[in-house]
Amino acid sequence: MNEEDYERTASSFHRRIETIANAVDTMAPGLAAATSLLTQAMLDDRKILVCACGRDASLASHVAVVLRTPMDAAPALPAIAFHSDNDSGDASHWRDLRTLSRDGDILLCIDTRSDIAVARKYIQFAQTRNLVAISLSEKVELPGGACIELHAEDQDLRSELAFMASHCLREHIKQMLLGE
């Protein structure tokens, strides 16, 4: 590897590490609130509907798998991904959500775009279905829910923060359930 390639790689790593380090203050309150909501939903035998559209669709699948994967003695969470390759969701996406959601379930929406239009659409849906909303997005107000704020200069970095947040949630839920 030549020095130019190394410098480019090192610069990319440093930018990502700096973004993660700077995100702690804005993400921590949302992570704490979301942990409480997800833990209570699990204890109340509720589902977690992880939702995203367009570019974030694969992230929804990953987050659902992370939450469903048991960690040591902690049980898996009942999480299922609902996603659409369409940027605002297609008709079958919204139909499936209406069919499978029940009062008190958690709708965890992921929107790494800066305009958070999709997050707002999911939040409106959650309100009409009596779901508890958790958002992994730029700041959005969620009465009775939680927003894990993803502040970063571009969508790729916000995606990395959402990825990291899913692992933190699983770890924090385990700590709440097992008292560790």
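View 1. At 27% relative accessibility, D5 is partly exposed (buried is under 20% relative accessible area, exposed over 50%, partly exposed in between; 1.4 Å probe, protein chains only). D5 forms a salt bridge with R8, the closest N and O atoms being 2.4 Å apart (a side-chain nitrogen of Lys or Arg within 4 Å of a carboxyl oxygen of Asp or Glu). The two sit 3 residues apart in helix α1 (residues 3–43), so about one helical turn separates them. Helices (H or I, at least four residues) and strands (E, at least two) are DSSP runs, numbered from the N terminus. The model is predicted: local features need pLDDT of at least 70, side-chain atom pairs count only at pLDDT 80 or more, and totals for chains, interfaces and linings use all residues. Residues are numbered from 1 along each chain as its sequence is written, and side-chain values use heavy atoms, without hydrogens and water.

**View 2. The R55–D156 salt bridge.** The closest N and O atoms of R55 and D156 are 1.8 Å apart. The pair links distant parts of the chain, 101 residues apart: R55 lies in the loop between β1 and α2, D156 in helix α5 (residues 155–178). R55 is partly exposed at 45%; D156 is partly exposed at 39%.

**View 3. The E138–R158 salt bridge.** Here the closest N and O atoms are 3.8 Å apart. E138 and R158 are both buried.

**View 4. Strand β1 and its neighbours.** In β1 (residues 48–53), 6 of 6 residues are buried. I48, V50 and A52 lie on one side, L49, C51 and C53 on the other. β1 runs parallel to β2 (residues 79–84), joined by 6 bridges (pairing takes at least two DSSP bridges). V50 partners A81. Parallel β3 (residues 106–110) joins β1 through 4 bridges, with I48 opposite I106.
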